[in-house]
Amino acid sequence: MHKAKHFSGFSGTNLKIIALITMLIDHIGAILLETGLLPQITSSVLGGGSAKYQLSDYTFWVNIDIVLRMIGRLAFPIFCFLLVEGFLHTKSAARYALRLGLFALISEIPFDISIYNQFFANDMQNVFFTLLLGLLALMGMQYAAQLLEQYAPKLRFLSVLPLAVCALLAELLRTDYSAFGVLLIGALYIFRQNRMYQCMIGVIGTMWEVTAPLAFLPVYFYNGERGKLKLKYVFYWFYPLHLLLLGLVRNLLF
């Protein structure tokens with residue numbers, strides 16, 4: 001007789017899968033509905049030349065979109081937490097930053113196509129740029145803390161300056177989630193020694209997005225293990241490819 005398996009928490013792989021699925025759900029709403037179906041319904045209803053859609057159709061699909069986007073709010077906080085964990089355990093932060101920078105460049109055209117239906121748009125840069133700036137902030141904070149600990153222990157609080165600089169850069173570059181995203185990564189890093197405090201600050205910092213704080217429920221139960229499946233590059237490639245695919249599907253359908 002087999003013994004029942006007890007819940008042992010979420011591995012890094014489990015968290016990554018949750019984040020990938022919720023991100024996909026979010027982008028279905030943002031791309032297929034908000035820049036595809038909903039504008040078409042609006043044009044049909046207000047244009048008066050087509051009876052293809054009714055006002056009730058718009059209300060129905062807006063509500064569907066709201067649900068999808070609310071589910072999708074869980075993705076980014078989980079990715080921020082995983083970035084902090086990745087930084088703490090990586091063998092080379094420089095190579096980690098290089099990967100993020102490379103895929104930030106690879107993802108920009110798919111991002112612009114899916115969100116703005118253009119090959120190049122300056123309105124906003126994809127989330128890889130935010131994650132890259134968050135990682136650079138952590139690298140800077142760690143280095144500054146080591147220097148200050150050695151030469152000026154009383155000024156250790158100044159180690160947060162790289163975080164402020166990277167948050168400002170995110171704002172100037174208009175990256176997805178901008179300064180908020182970088183500051184969230186920094187906060188999760190600062191409270192890395194205590195999971196309860198880490199999740200509390202995460203919840204408080206994301207309360208402006210109604211469902212985002214729920215992301216810290218699986219984060220709280222993170223067991224510190226990487227997981228059996230090797231998904232190191234899945235997110236890197238999944239991000240640009242799913243954006244490109246959703247953008248193409250939208251253009252084909254609408």
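Is Arg73 buried or exposed? In this predicted model, Arg73 is buried, because its relative accessible area is 13%, below the 20% cut-off for that class. Arg73 also takes part in salt bridges with Asp26 and with Glu209.

**Salt-bridge network**

- Five salt bridges are found when the whole structure is searched.
- One of them joins the side chains of Asp26 and Arg69, with an N to O distance of 2.6 Å. This pair connects distant parts of the chain, since Asp26 belongs to helix α1 and Arg69 to helix α2 (residues 55–72), 43 residues apart.
- The two partners fall into separate accessibility classes: Asp26 is buried, because its relative accessible area is 6%, whereas Arg69, at 23% relative accessibility, counts as partly exposed.
- Asp26 also meets Arg73 in a salt bridge, at 2.6 Å from N to O.
- A salt bridge with an N to O distance of 3.0 Å brings together the side chains of Glu209 and Arg73. Glu209 lies in the loop between α8 (195–205) and α9 (216–220) and Arg73 in the loop between α2 and α3, so this pair ties together parts that are 136 residues apart in sequence.
- Glu209 counts as buried because its relative accessibility is 10%, which is under the limit of 20%.
- Through shared partners, salt bridges join Asp26, Glu34, Arg69, Arg73 and Glu209 into one network.

**Thr13 in helix α1**

- Thr13 is placed in helix α1 (residues 12–47). Its relative accessibility is 8%, so Thr13 counts as buried.
- The side chain of Thr13 reaches the backbone oxygen of Arg226 at a distance of 2.8 Å.
- Leaving aside residues up to four places away in sequence, Thr13 touches Arg226, Gly227, Lys228, Leu229 and Leu231.

- Helix α4 covers residues 93–116, which makes 24 residues.
- A kink of about 35 degrees is located at Ser107 in α4, shortly before the proline Pro110.
- Asn117 follows α4 and has a positive phi, near 55 degrees.

**Leu168 in helix α6**

- Leu168 has its place in helix α6 (residues 161–173). With a relative accessible area of 51%, Leu168 is exposed, because that class begins over 50%.
- Leu168 and Ala179 are 11 residues apart along the chain, and a distance of 6.2 Å separates their C-alpha atoms.

Conventions: Residues are numbered from 1 along each chain as its sequence is written. This is a predicted model: local features need pLDDT of at least 70, side-chain atom pairs count only at pLDDT 80 or more; totals for chains, interfaces and linings use all residues. Side-chain values use heavy atoms; hydrogens and water are left out. Helices (H or I, at least four residues) and strands (E, at least two) are DSSP runs, numbered from the N terminus. The expected span of a helix is 1.5 Å times one less than its number of residues. The bend at a residue is the angle between axes fitted to the seven residues ending there and the seven starting there. Buried means under 20% relative accessible area, exposed over 50%, partly exposed in between (1.4 Å probe, protein chains only). A polar contact is a pair of N or O atoms within 3.5 Å; within protein, one must be able to donate a hydrogen and the other to accept it, and residues adjacent in sequence count only if both atoms are side-chain atoms. Contact means heavy atoms within 4.5 Å. A salt bridge is a side-chain nitrogen of Lys or Arg within 4 Å of a carboxyl oxygen of Asp or Glu.
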